[in-house]
Amino acid sequence: YSYRGPHRYFLTFCTHDRVCAFIDAAVVAVTLLQFRRTCGQEGFDLLTYCLMPDHARLLVEGMTESSDLQRFAKLSKQRSGAQHALSIGGPLWQEGFHDRILRVEEDTRVVARYILENPVRAGLATDARDYPFSGSGRWTTDGLPEGGRYTG
């Protein structure tokens, strides 16, 4: 698969040694800034995100024919990792990442809800709206379908 073009992807980036880096609001803010910056520069839309203590989940969509997911993932991790090394010290990310390409017929909103509800499933929040390190530039949690099953 070429990983280029206007496709939607569900990504998971794990922290180095599964360290709980994303319990610090400042680390989350810097990381999100680099994700958003890279989205803008690489032709992606950050549809939904959730930074759990030891991993980040992103739902992104390529907006042009030249949108390159592998480049986006590499640069996002490089930039956020460099910022982390400068401010905190040490590596931020494990090598590689997990990806799932969404099929054309899949409801993107079901995947978005799955990502936003990650903290609830992990016992970090009782309501997805209460978790401070997740969000969506496109939908509110209330605007996402209830009961949709994502088994990714």
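Predicted model: local features only at pLDDT ≥ 70, side-chain atom pairs only at ≥ 80, totals over all residues.
## Strand E1 and its partners

E1 and E3 run antiparallel and are joined by seven bridges.

E1 is largely enclosed by the rest of the structure, because seven of its seven residues are buried. Arg8, Phe10, Thr12 and Cys14 point one way from the strand. Tyr9, Leu11 and Phe13 point the other way. In a regular strand the side chains alternate between the two faces of the sheet.

## The whole sheet

Which order do the five strands take? They form an open sheet in the order E4-E1-E3-E2-E5, with antiparallel pairing. E4 (98–101) and E5 (134–136) stand at the edges. Each has a single partner strand, so one side of each is left without a neighbour in the sheet. From one strand to the next, the twist averages 15°.

E2 (residues 44–52) and E3 (residues 55–62) pair in the antiparallel sense over eight bridges. Asp45 is bridged to Glu61 of E3. Helix H2 (residues 69–87) packs on the sheet. H2 touches E1 (8–14), E2, E3 and E4, and its direction makes about 30° with that of E1.

## The nonpolar core

The largest nonpolar core has 35 residues. Leu11, Leu51, Leu58, Val60, Leu69 and Phe72 touch the most other members. E1, helix H1 (25–42), E2, E3, H2 and helix H3 (108–116) each supply at least two residues. The largest share comes from E2, with seven residues.

What does Leu58 contact, leaving aside its neighbours within four places in sequence? The list includes Tyr9, Phe10, Leu11 and Phe13. Phe35, Leu46, Thr48, Tyr49, Phe72 and Ile115 are also in contact with Leu58.

## Helix H3

Seven of the nine residues of H3 are buried, so this helix is largely enclosed by the rest of the structure. The buried residues are Thr108, Val110, Val111, Ala112, Arg113, Ile115 and Leu116. Their cover includes E1, E2, E3, helix H4 (118–121) and E5.

At the start of H3, Asp107 makes a contact with the backbone. One of its side-chain oxygens reaches to within 2.9 Å of the backbone nitrogen of Arg109.

## Salt bridges

The structure holds eight salt bridges. One of them joins Arg4 to Asp68, with the closest N and O atoms 3.0 Å apart. Arg4 lies in the segment before E1 and Asp68 in the loop between E3 and H2, so the pair ties together parts that are 64 residues apart in sequence. Arg4 counts as partly exposed, at 46% relative accessibility. Asp68 is buried, with a relative accessible area of 12%.

Asp54 forms a salt bridge with Arg18, and their closest N and O atoms are 3.1 Å apart. Asp54 lies in the loop between E2 and E3, and Arg18 in the loop between E1 and H1, so this pair ties together parts that are 36 residues apart in sequence. Is Asp54 buried or exposed? At 18% relative accessibility, Asp54 counts as buried. Arg18 is partly exposed, at 38%. Arg129 and Asp127 also form a salt bridge, with the closest N and O atoms 2.6 Å apart. Asp127 is partly exposed, at 23% relative accessibility.

Notes:
Residues numbered from 1 in each chain as written. Heavy atoms only, no water. Pairing = 2+ DSSP bridges. Helix = DSSP H or I, 4+ residues; strand = E, 2+ residues; numbered from the N terminus. Axes fitted to C-alpha atoms, helices over the stretch in contact; angles between N-to-C directions. Contact = heavy atoms within 4.5 Å. Buried < 20%, exposed > 50% of the residue type's maximum accessible area, 1.4 Å probe, protein only. Core = buried A, V, L, I, M, F, W, Y, C linked by side-chain atoms within 4.5 Å. Polar contact = N/O pair within 3.5 Å; in protein donor to acceptor, adjacent residues only side chain to side chain. Salt bridge = Lys/Arg side-chain N within 4 Å of Asp/Glu carboxyl O.
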